[in-house]
Amino acid sequence: MKRHKSLLISWEALLVLLLLIGVVIGSVLSPYFLSGFNFYALTSNIMEIAIMALPMTLIIIAGEIDLSVASVLGLASVVLGLLWESGHPMWLAIGVALLVGLVAGGLNGLLVTKLALPSLVITIGALALYRGLAYVVLGDQAVSDFPSSFTNLGFGTIPGTEIPWSGLIFAILVVIFVAVLHFSRLGRQLYAMGNNKEAARFSGVNVSRVKLMLFMLSGVIAALAGVIFTARFSSARPDNALGFELAVVTVVLLGGVNIFGGRGSLLGVVLAIFIVAVLQDVLNLLNISGDIQSLAIGLLLVLSVLGPNLARRIQVVITHRRLAAGSSMQS
Amino acid sequence: MTTTGQEVEPAKQRSRVGQARLPGQVSRVRELGLLIVLLFIVLIVGIQAPRFLSIDNFEQILLSVAILAIVAVGETLVVLTRNVDLSVGSMVGITAFVTAYFFKQLPGINLLLGILLGCALGLVLGMVNGLIVSFGRVPAIVATLGTLYVYRALVFIVAANTTTQVNASDVPAGYLALATTQIFGIPALILIAAVVAVIVGYFLHASQSGRQLYAVGSNPDAANMIGIRRDRLVFAVFAASGLLCGLAGVLWGARFATVDATDATGLELQVIAAVVVGGVNIFGGSGTILGAVLGAIVLGTLQNALNILNISQFWLQALYGAAIIVAVVLDAFITRWVQRTLLSRRKKA
């Protein structure tokens with residue numbers, strides 16, 4: 001247990017180091033890197049992913065996964081657009097979009113808990129289903145005539161600062177999620193479920209109910225990210241945030257969360273979010289297109305798991321050799 | 001551990017007969033069920049639109065399914081070992097683009113050489129996946145989610161440095177003929193897919209390594225204990241999946257003639273839908289090639305039916321998603337049902 005903890009701390013130290021390296025490279029590449037506007041640009045670019053990464057962290061720690069988040073974002077976005085276009089007030093459109101997220105997440109959760117089905121397959125199916133429904137609802141159209149009071153939420157900043165409104169939402173959510181995961185009974189139950197579901201159940205955790213809640217939470221938060229995304233681009237399209245689930249899973253795993261559950265911290269995930277944001281920004285400064293940027297994200301995802309694994313293997317080999325050498329000396 | 005796995009556990013422990021029978025029984029029920037579903041779709045759509053039932057249309061369906069089926073065969077091998085390969089769409093995309101570009105640059109080159117190049121490229125990409133998963137100990141879903149994006153980015157890099165699009169007029173007619181040639185009146189594309197399915201199906205059914213794949217998927221640790229070289233097998237199935245994606249990519253370029261860097265994006269969803277609908281257990285150990293191919297045919301038939309019934313193609317993706325979910329739900333029920341029947345039969349005996 002202690003060993004795990006020390007490994008985890010060193011992983012987070014490594015992330016801090018990575019982040020610093022990224023910032024140094026960025027400021028060498030461009031005098032504008034450390035400017036307030038660039039901070040605004042790189043933060044607002046990643047906020048939807050950052051927000052969705054919070055419930056994803058909890059879900060993965062509890063031993064499940066939700067690959068449908070980007071599709072829920074897209075579906076919520078088109079529902080919002082359609083309602084606004086057909087003359088409903090904005091608060092109602094946003095409310096219904098969030099409700100759609102809740103229902104979508106709830107359906108995932110019910111299938112995973114009540115029917116005891118693997119969340120990996122269910123949410124791959126849901127990924128296609130919800131994205132497909134987004135296309136069914138809006139076709140290849142787009143809604144873009146949103147009021148400025150709404151789009152300001154997307155590209156505006158908190159008055160007097162360079163922090164986007166979405167950054168404020170993220171900060172509030174981080175505080176809540178950290179309190180739940182690291183300082184509450186529910187948080188400890190999540191780790192217990194991820195480590196050993198049966199043991200968690202026998203020690204009185206209502207595994208099904210907690211998991212259902214997690215998936216519903218993930219749905220609502222993804223829909224919230226959809227509202228922010230729609231405001232930021234002033235556009236509701238069925239292909240909004242297509243493929244974002246990769247980035248969300250990447251930041252969570254890069255943050256040191258174990259894909260099989262039971263281990264990880266939000267500090268690591270938040271650090272990973274900013275590493276990916278800085279990386280994207282640096283690649284933008286180098287004029288590398290978004291299609292090719294995914295090379296870096298994909299590599300980061302694989303290396304974030306491969307690196308520690310290889311390090312551990314080498315460590316085991318070295319220990320074995322040392323032990324072998326020690327025992328041969330004794331005999 | 002999976003919950004479905006745990007449901008099966010008690011039956012396995014109580015009855016050795018049940019242990020041997022359960023996967024086979026489930027597969028048989030699944031394939032029969034799938035055939036009935038297929039016939040049902042054909043009947044319903046056929047009544048609404050008689051031209052759906054023409055031989056011509058059946059050929060059209062099989063043509064549209066051939067490439068998907070080849071990739072699904074490879075995916076089945078991977079899934080049987082309790083892994084998954086999400087990078088198939090990117091592998092098909094990169095081999096299609098590179099092969100088409102190769103033929104554009106060297107129109108006089110031997111056809112076979114181009115085909116081999118595409119297959120070899122797929123094989124190498126698959127081997128990279130295999131190395132990361134089996135020797136790097138990275139969970140397959142993480143590794144192949146990563147390479148999905150890495151390989152796709154590679155296509156964009158290749159395209160950025162060569163040409164944005166290869167057109168039908170750029171490549172030799174001999175290459176395009178791969179998709180249009182008929183042998184004994186049957187399109188070559190369908191024959192190639194059938195041959196691939198039969199060879200891999202036979203290997204899986206009759207060879208020692210084939211049976212070992214099922215063992216690795218049902219219980220990886222036990223498989224290791226009885227001396228099955230798990231790492232090698234897992235490496236091999238990812239390599240095989242890459243190889244088949246390479247072949248599929250070569251055929252993709254020939255069939256669609258116009259290829260750009262985005263080709264075959266999202267194909268992995270259709271492939272996983274085909275495999276899951278075909279009754280291959282996503283947690284390994286049970287499923288057949290026949291099932292996966294039937295799954296692909298059901299999806300192709302649905303797509304064709306949408307067309308014929310003039311329903312918007314926008315429904316297609318939602319339908320695939322629903323098909324995956326319904327298939328998994330049904331699987332859970334069938335497994336429980338077969339298990340219960342076997343148990344009660346054993347009690348009577």
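Mentor: Starting from the N terminus, the elements of chain A run α-α-α-α-α-α-α-α-α-α-α-α-α. Helices here are DSSP runs of H or I with at least four residues, strands are runs of E with at least two, and both are numbered from the N terminus. Keep in mind that this is a predicted model, where local features need pLDDT of at least 70, side-chain atom pairs count only at pLDDT 80 or more, and totals for chains, interfaces and linings use all residues. Residues are numbered from 1 along each chain as its sequence is written, while chains are lettered from A and ligands numbered from 1 in the order in which they are written.

Trainee: What share of chain A is buried?
Mentor: 48% of its 331 residues count as buried. Buried means 20 or more other C-beta atoms within 10 Å of the residue's own, exposed means 12 or fewer, and partly exposed is in between, with C-beta atoms placed from the backbone.

Trainee: OK, over to chain B. What's its secondary structure?
Mentor: Chain B comes to 14 helices and 4 strands. Buried residues make up 51% of chain B.

Trainee: How many residues does each chain bring to the contact between them?
Mentor: Chain B brings 38 residues and chain A brings 37. Two residues are in contact if their C-beta atoms, placed from the backbone, lie within 7 Å. In chain B, helix H1 (3-14), helix H6 (140-161), helix H12 (267-277) and helix H14 (315-348) each supply at least two residues of the side that touches chain A.

Trainee: What classes of residue are on that side of chain B?
Mentor: They divide into 28 nonpolar, 8 polar and 2 charged. Ala, Val, Leu, Ile, Met, Phe, Trp, Tyr, Cys and Pro count as nonpolar, Asp, Glu, Lys and Arg as charged, and the others, Gly among them, as polar.

Trainee: Which residues touch the most other members of the largest nonpolar core?
Mentor: B:Val71 and B:Ile324, in a core of 219 residues. Such a core is a set of buried Ala, Val, Leu, Ile, Met, Phe, Trp, Tyr and Cys residues joined through C-beta atoms within 7 Å. Helix H11 (residues 230-256) of chain B gives the most to this core, with 16 residues. As for B:Val71, its contacts beyond four places in sequence include B:Val88, B:Leu244 and B:Val271.

Trainee: H11 again! At what angle does H7 of chain B pack on H11(B)?
Mentor: Helix H7 (residues 173-180) packs on H11(B) at about 100 degrees, with the axes 7 Å apart. Axes are lines fitted to C-alpha atoms, for helices over the stretch in contact, and angles run from 0 to 180 degrees between N-to-C directions. The two helices are therefore roughly perpendicular; that label covers 65 to 115 degrees, with under 35 roughly parallel, over 145 roughly antiparallel and the rest oblique. In H7(B), B:Tyr175, B:Leu176, B:Leu178 and B:Ala179 meet B:Leu251, B:Ala254 and B:Arg255 in H11(B).

Trainee: Where does B:Ala257 lie?
Mentor: B:Ala257 is in the loop between H11 and strand S4 (259-260) of chain B. Its phi is near 60 degrees, again a positive value in a residue other than glycine. B:Ala257 counts as partly exposed, with 18 C-beta neighbours inside 10 Å.
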